[in-house]
Amino acid sequence: MADDGESPPDNRGSEDQLFNRERHIRYLEMNYQMLPSPYEGQEINHLTLVYFIINGLHILHAIDRIDREAVINWVLSLQAHPKNESDLNNGQFYGFHGSKSSQFHSNENKVSVLNNSHLASTYCALAILKTVGYDLSLVDSNSISKSMKHLQQSDGSFMPIHTGAETDLRFVYCAAVISSLLDNWSGIDKEKAKNYILSCQSYDGGFGLIPGQESHGGATYCAVASLRLMGFIEDDLLSKCTSSCIIDVPLLLDWCLQAYFPIDNV
């Protein structure tokens, strides 16, 4: 009942309140066919945009609207490959680039030089390939996993590129998903990664992106999902004794409930 005594309008029968599946599909198809002008500034993250498009169509049971082979070939064309085996020890990461334009940069002599690949772009690339049914055993997983080790820091966190970048739980999650999808965990020290994640759990039960930072929903997802993928927590955690879990589950659940149902609104 409204405060002025009038009943709010009943919109339950209005079509405007319904999820228009076809309209959403058309929007995703439009983005799939051509990069919209508002996103042109994000061309360097083209692969990430395609990740959302492909998964959106998949969720809407419309993955048949894309050219599967074209998508696979485009994604594979963005992988960075070492010239030889010794390159895997040069500290660089041989994953996937975010777009064609980000594969190269011009040096002082205006000559195109191969750019660095990115951990988040690699996560998106492998997720796309998995979604469209590509056999991930055909991907050069050795180059990805072996060079990914250079991105892990001494505290267990990960940088997205081999130099000059931030480190936080997002990239630990990317590394865990990449390892899980490739079924190759040689590129991550799981014990160090676990300890870094645990150091990010805040006093209120949630997880911050870095140790000491306030709890955040996305960071909490990255933390819990990474621990699950690495095998440190189980699927049916709540049905077992939570006191033996490596994270404070009751405090985490309490934070989750308060985050979505604030005490002030109860």
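Me: Which exposed residues does the face of α1 turned away from its buried side carry?

Reply: Keep in mind that this is a predicted model. That face carries R23 and Q33. Exposed means over 50% relative accessible area, and R23 and Q33 count as exposed.

Me: Which residues of α1 are called buried?

Reply: I25, L28, E29 and N31. Buried means under 20% relative accessible area, and these four residues of α1 fall in that class.

Me: What puts them on the same side of α1?

Reply: Their arc around the axis. I25, L28, E29 and N31 are the buried ones. They cover an arc of only 160°, so they lie on the same side of α1. The general rule: an α-helix has 3.6 residues a turn, so residues three or four places apart point the same way.

Me: What do the buried residues of α1 pack against?

Reply: They pack against α2, residues 46-59. Contact here means heavy atoms within 4.5 Å.

Me: How do you know that the span of α1 agrees with what its 13 residues should give?

Reply: Compare two values. Helix α1 covers residues 21-33. At 1.5 Å a residue, it should span 18 Å. The expected span uses one less than the number of residues. The end C-alpha atoms of α1 are 18 Å apart, so the two agree.

Me: How many helices and strands are there in the protein chain, and in what pattern?

Reply: Nine helices and two strands. Along the sequence the pattern reads α-α-α-β-β-α-α-α-α-α-α.

Me: What percentage of the protein chain counts as buried?

Reply: 40% of its 266 residues. The cut-off is under 20% relative accessible area.

Note on methods:
Residues are numbered from 1 along each chain as its sequence is written. This is a predicted model: local features need pLDDT of at least 70, side-chain atom pairs count only at pLDDT 80 or more; totals for chains, interfaces and linings use all residues. Side-chain values use heavy atoms; hydrogens and water are left out. Buried means under 20% relative accessible area, exposed over 50%, partly exposed in between (1.4 Å probe, protein chains only). The arc is that of the directions from the helix axis to the C-beta atoms.
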